[in-house]
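Please open the model in a viewer and keep the selection tool at hand. The tour visits a sheet and then a ligand site.

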Amino acid sequence: MRGSVPSAWLTGVERRWASAVFDTLFPGIADEGLVSITELDLFGFLDQLRETVPARVAWAVRFAIVFVALSPLFVLWRLRTLASLDQVVRERVVTELATSRVYGIRQLVLILKSMGALLYGADARVRRRMFEGHPQRSEDSR
Amino acid sequence: MNQSFPDEDLPEGAVVDGMALGRPFDDSYDFVVVGSGAAGAVAAHTLAESGASVALVEEGPWVKTRDFGDRVYDAFRGMYRDAGTQVLEGDSYIPLIQGACVGGSTVMNSAIAWRPPEEVLVDWQRRFGLGDVASMKVLEPHFDALEAALGARGVQDEVLGENNRIFLEQAEKQGISAVRTRRYERGCRGSGRCMTGCPTAAKQGMNVSYVPWALRLGARIFTSCRVDRVVIVSGRAVGIVARAKGGHPVHLRARRGVLVAASAVQTPNLLRRSGLRARDLGEHFQAHPGLGMGGVFDRPVHMEFGATQGADIEQFRTSDGIKLETISMPPELAAVRIPGIGRELMNRLAVFSNLAVWALIVRSDSEGRVTTGWGGRDKVVFSLSKRDLERVRGGMARLASLFFDAGALEVWPGVFGIPSALTSADQVKLLEDAPLDARAFSFIATHLFGTARMGPERKGREGSVVGLDFQTHEAERLYVVDSSVFPTNLGVNPQHTIMALARLASVRVLEA
Ligand SMILES: Cc1cc2nc3c(=O)[nH]c(=O)nc-3n(C[C@H](O)[C@H](O)[C@H](O)COP(=O)(O)OP(=O)(O)OC[C@H]3O[C@@H](n4cnc5c(N)ncnc54)[C@H](O)[C@@H]3O)c2cc1C
Ligand code: SF4
């Protein structure tokens, strides 16, 4: 069942977009000890994801990245990509999508959030922060 | 300390790893069992105990206790079907979670053990004609044996954890009868890691219980071998054809029968690939769609410590069609369910320690269908009815009230159209009026039923695929022993009923 996507997985442009999209979702907060997802091995994760999930899911992730990256075109009606906006505006745009009345659009954001969460929540630094104060698990989190 | 686990030191030759298989394989046994989850493992063990020769064939690999980590993505990749990306397709997309490894879904489940409600069995007898198969008297010895073998017991004090404790305490204050969850475990340490595999083999999943026990009785397991079809000659099942992950074909002859236990999703398509054409095959799919809700307290809850699921309320099952439970979510899954994106999400992740997650499962009356989708994949079409959604929002309102009464500062319901954070009990009303639209909720499905249901008649209004002897109406010596045969869902967690019926089925197959 696990098909593979042809070799042109994410192009250079798509990688830049992916970076902006996932950074918008998981930007981190330095004061809280939460790193940005871009400090993790995002591209290694995405490449591995392509090998792991069924082809249709990999394509859905790719489509979602492109869709969200280009969404300022129809959310702000400006000829910009998400990558070219500052964090506050990016978040406004993606929040619009995440709360869209159109179910399919919400789902695209959810797919990315789900995939990003698998990477983000697994990071040792993030876990240390999340488990903070628990004697067993904060030490446990490798 | 070098602790050894039950999935180690297995008898020589008992495990044939399809990944490493260097040649086509051909062999004969009395019985071939397809699938090593709750149903298949128990069936294989019961058959092997009688002295019969048994081959157990499992599509997924055997991930050993020693190799379990605590990262969800690694578990998804190694042990979950389609890496955890299956969905029910209908009015909305509902994640469908199943194991695909030795032990099946019992490797990542919470090991909750509930006997089936009496009225469900009565319904199976009256409406579907299941006779003594659905008699508690007949099933009781099987439940007793399973409970003794797997150490079913209520969660112990030292591993209760705050998430479970607050739930129990609050229910008691409100006069609601909540119980400590009975689970199959021996020495649970409360790591809250059931979803990524129990790192100490305390949880009595099939991978550390009935599968190794069957192998020690002489059974053999073929891992990483997907059964393509059951071979049926002159109306009688005589073996299976599988493909090992390494590419080689595996032909196993079955002198006395083939028992299919590939789960309510895979079983109907396997039967179709084997040539069965019953009208009801793949129909009547049912589930217990579930959803979780977060509550933030002013003090640490540390959901990461405690039995993964340690408390439940069954009281509203018949009146409201719901069962309430606690569930400790690993950070990766919590991060999906925590509302918001960007800094809003980050701020909420920062209070993860204070988060409790409680959940509900609904005894849905909707029926769906399993078909073969594009590329041969298993496609499940399922939508919740309006009545189901009414039950869900009622259940969510109850959970939110419990949270607020327990002192939660915020409740995160995760319902589209409702504020992402409720901050007072007055807002619970919003949940009661939530949209009756499945797309507004974040469901998940892990309890699966129907699709090759049992009954005395092949045709008719309550048509069936499998007879009361667990044998398909279409092919002799082809038995179905998983929850595909259930005429309805249960309203409680199904593993116990699945195992008891699989045990009963195997005893009857031996007697046949
Ligand atoms: C996360 C999670 C938590 C749960 N928690 C609980 C709980 O606490 N209590 C409870 O009662 N229930 C729980 N459940 C449900 C319970 O685990 C399942 O109902 C039960 O395991 C189903 O048993 P089964 O044998 O039908 O299927 P499974 O246990 O899923 O096993 C089926 C096996 O068949 C294999 N297979 C499928 N097709 C083929 C093929 N063609 N060839 C070879 N092998 C094949 C699969 O790979 C799989 O290993 C949970 C489920 C999940 C996913
Ligand atoms: S909660 Fe208990 S049973 Fe579950 S993984 Fe941890 S130790 Fe094992």
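Two strands count as paired if DSSP finds at least two bridges between them. The model shown here is predicted.

Begin with B:Arg180, whose bridge partner in S15(B) is B:Ala311. Next, select residues 311–313 of chain B, which make up strand S15. S15(B) runs antiparallel to S7(B), and three bridges join the two.

Now widen the selection to the whole sheet. This open sheet of chain B has six strands in the order S7-S15-S16-S17-S14-S20, with antiparallel pairing. Its edges are strand S7 (178–180) and strand S20 (410–412) of chain B, each of which pairs on one side only. Neighbouring strands are turned by 25° against each other on average, direction ignored.

Then move to ligand 1 and display the 37 residues around it. Which of them come nearest? They are B:Glu58, B:Ser105, B:Ile112, B:Val227 and B:Gln495. The shell divides into 16 nonpolar, 15 polar and six charged residues.

Inspect the backbone next. A polar backbone atom of B:Gln495 is 2.7 Å from an oxygen atom of ligand 1. For B:Ala39, a polar backbone atom is 3.0 Å from a ligand oxygen, and for B:Pro494 the distance from a backbone N or O atom is 3.2 Å.

Finally, show the surface of ligand 1: taken alone it exposes 1,000 Å², of which the protein buries 96%. Helix H1 (38–49), strand S10 (225–233), helix H7 (263–273) and helix H13 (495–511) of chain B are the elements that each give two or more residues to the shell.

Technical notes:
Residues numbered from 1 in each chain as written. Chains lettered and ligands numbered in written order. Predicted model: local features only at pLDDT ≥ 70, side-chain atom pairs only at ≥ 80, totals over all residues. Heavy atoms only, no water. Helix = DSSP H or I, 4+ residues; strand = E, 2+ residues; numbered from the N terminus. Axes fitted to C-alpha atoms, helices over the stretch in contact; angles between N-to-C directions. Near = heavy atom within 4 Å. Polar contact = N/O pair within 3.5 Å; in protein donor to acceptor, adjacent residues only side chain to side chain. Areas by Shrake-Rupley, 256 points an atom, 1.4 Å probe, with all protein chains shown as cover. Nonpolar A, V, L, I, M, F, W, Y, C, P; charged D, E, K, R; others polar.
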